[in-house]
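How do you read a protein fold when you meet it for the first time? Take one piece, then look at what it touches.

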Amino acid sequence: MADNGDSTFTVIVAAVANLGIAVAKAVAGIVSGSSAMLSEAAHSVADTVTEVMLLTALKRSEKPADEDHPVGHAGERYVWAMLAAVATFVGGAVFSIYDGVHTLVEGEELGDPLVSYVVLAVAFVLEGFSLRTGVKQVKAEAERMRAPFADYLRLTPDTTVKAVVMEDSAALAGLMLAAGGLLGGQITGSGVWDGVASLLIGCLLVYVAWVLGRANAELLIGRPLPPALRAGVREELLAVPHMVDVLDLVTLIQGPGEVLVAAKIDFRDVVTAAEVERACEQAEARLRARFPSVRRVYLDPTPGPVDGA
């Protein structure tokens, strides 16, 4: 899994791109009178606010463990990422849907769309560069984990990078919708196309906010390792001498690159206390060697069903 340095760079690139794009879109929307461009401006403002929250999440999650927070602050990343998803919904989706409905009901006076087209073209290049940075990081992480790109993006606990990739993908789709609304208005002379484009942009942002909110909610509640990795953990434990069975296994993702493993282990009846201690040390070493993200291992020697009968 990536360290915070990679994620921070990805988020900063996205934040800088979105801030400049937001200003340009707002100016173009006012000049052209396009509700879709104003919706796109709101979209970029929401993305900028989101990235500021993600940077806050990265910074605060780096704080080391202390007496009051014995397992560290990694989970705080998901609190801020959840707030970022809410910002995307409120700041972008609600405004876009409202503006689209207002345009359809009240109509709009279309101005010169040339400025909007120029801004959309520049924004497309900048958003594309930002998306490329995020995708490059996700690809590298997926290769390290030997997982397909799509599966890794769906399951990655690094929701900051996931947010950047999804928001930039939505931004590119939104730019094409805004361009379609402008073109439709030019051809027909009707503002309906622009209003519809604004509504579609709003719906797109609702979807992105929902996906990101659900992912962060799952991690805040507590998400285990995927089944294949849990099977690997069980395999490593059973490979340790004197460990007969894994009676109960709990894995918990605490943050990107931070996994807790707790298990009840049935040991051979004839082993000594010293052998149990050495086996536990060996098991922890094996788990960390195979799964570098495993930071905490708690093993509880427990009699099996026959032993406890």
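Predicted model: local features only at pLDDT ≥ 70, side-chain atom pairs only at ≥ 80, totals over all residues.

Strands of a sheet pair through backbone hydrogen bonds, either parallel or antiparallel. Here the sheet is open and has 3 strands, in the order S1-S2-S3, with mixed pairing. S1 and S3 stand at the edges. Each of them has a single partner strand, so one side of each is left without a neighbour in the sheet. From one strand to the next, the twist averages 15°.

Now take the pairs in turn. S1 and S2 run antiparallel and are joined over 10 bridges. Met-243 has Phe-267 in S2 as its bridge partner. Ile-253 is bridged to Val-259, also in S2. What links the two strands? S1 and S2 form a hairpin, with 2 residues between them. Look for Gly-257 in the turn, where phi is positive, at about 80°.

The other pair is S2 with S3. These strands pair in the parallel sense, over 7 bridges. Find Val-261 and you can trace its bridge partner in S3, which is Val-297. Is S2 largely enclosed or left open? A residue counts as buried when its relative accessible area is under 20%. By that rule 8 of the 10 residues of S2 are buried, so S2 is largely enclosed by the rest of the structure.

Next, the core. In soluble globular proteins, nonpolar side chains tend to be buried together. The largest nonpolar core in this model has 25 residues. Those with the most contacts inside this core are Val-233, Leu-237, Met-243, Ile-265, Phe-267 and Leu-299. Which elements supply two or more residues? They are H8, S1 (243–255), S2 (258–267), H9 and S3 (294–301). A second, separate core has 23 residues, including Ala-17, Val-138, Leu-172 and Ala-178.

Val-233 is then in contact with Leu-225, Leu-249, Val-261, Leu-287 and Phe-291.

That brings us to two helices. Two packed helices are described by the angle between their axes and the distance between the axes. Helix H8 covers residues 227–238, and helix H9 covers residues 273–290. Their axes come within 9 Å and cross at roughly 145°. The crossing is right-handed. On the H8 side, the contact residues are Gly-232, Val-233, Glu-235, Glu-236 and Leu-237. On the H9 side, they are Ala-283, Arg-286, Leu-287 and Arg-290. By class, this contact has 4 nonpolar, 1 polar and 4 charged residues.

Finish with two single residues. Thr-133 sits in helix H4, which spans residues 114–144. Is Thr-133 buried or exposed? Its relative accessibility is 12%, so Thr-133 counts as buried. Beyond neighbours within four places in sequence, Thr-133 is in contact with Phe-9, Thr-10 and Val-13.

Gly-91 belongs to helix H3, residues 76–106. Its relative accessibility is 33%, so Gly-91 counts as partly exposed. Not counting residues up to four places away in sequence, Gly-91 touches Ala-42 and Ala-46. How far apart are Gly-91 and Ser-44? They are 47 residues apart in sequence and 9.3 Å apart in space, C-alpha to C-alpha.

Note on methods. Residues numbered from 1 in each chain as written. Heavy atoms only, no water. Axes fitted to C-alpha atoms, helices over the stretch in contact; angles between N-to-C directions. Helix = DSSP H or I, 4+ residues; strand = E, 2+ residues; numbered from the N terminus. Left-handed = near helix turned anticlockwise from the far one by under 90°. Contact = heavy atoms within 4.5 Å. Nonpolar A, V, L, I, M, F, W, Y, C, P; charged D, E, K, R; others polar. Buried < 20%, exposed > 50% of the residue type's maximum accessible area, 1.4 Å probe, protein only. Core = buried A, V, L, I, M, F, W, Y, C linked by side-chain atoms within 4.5 Å. Pairing = 2+ DSSP bridges.
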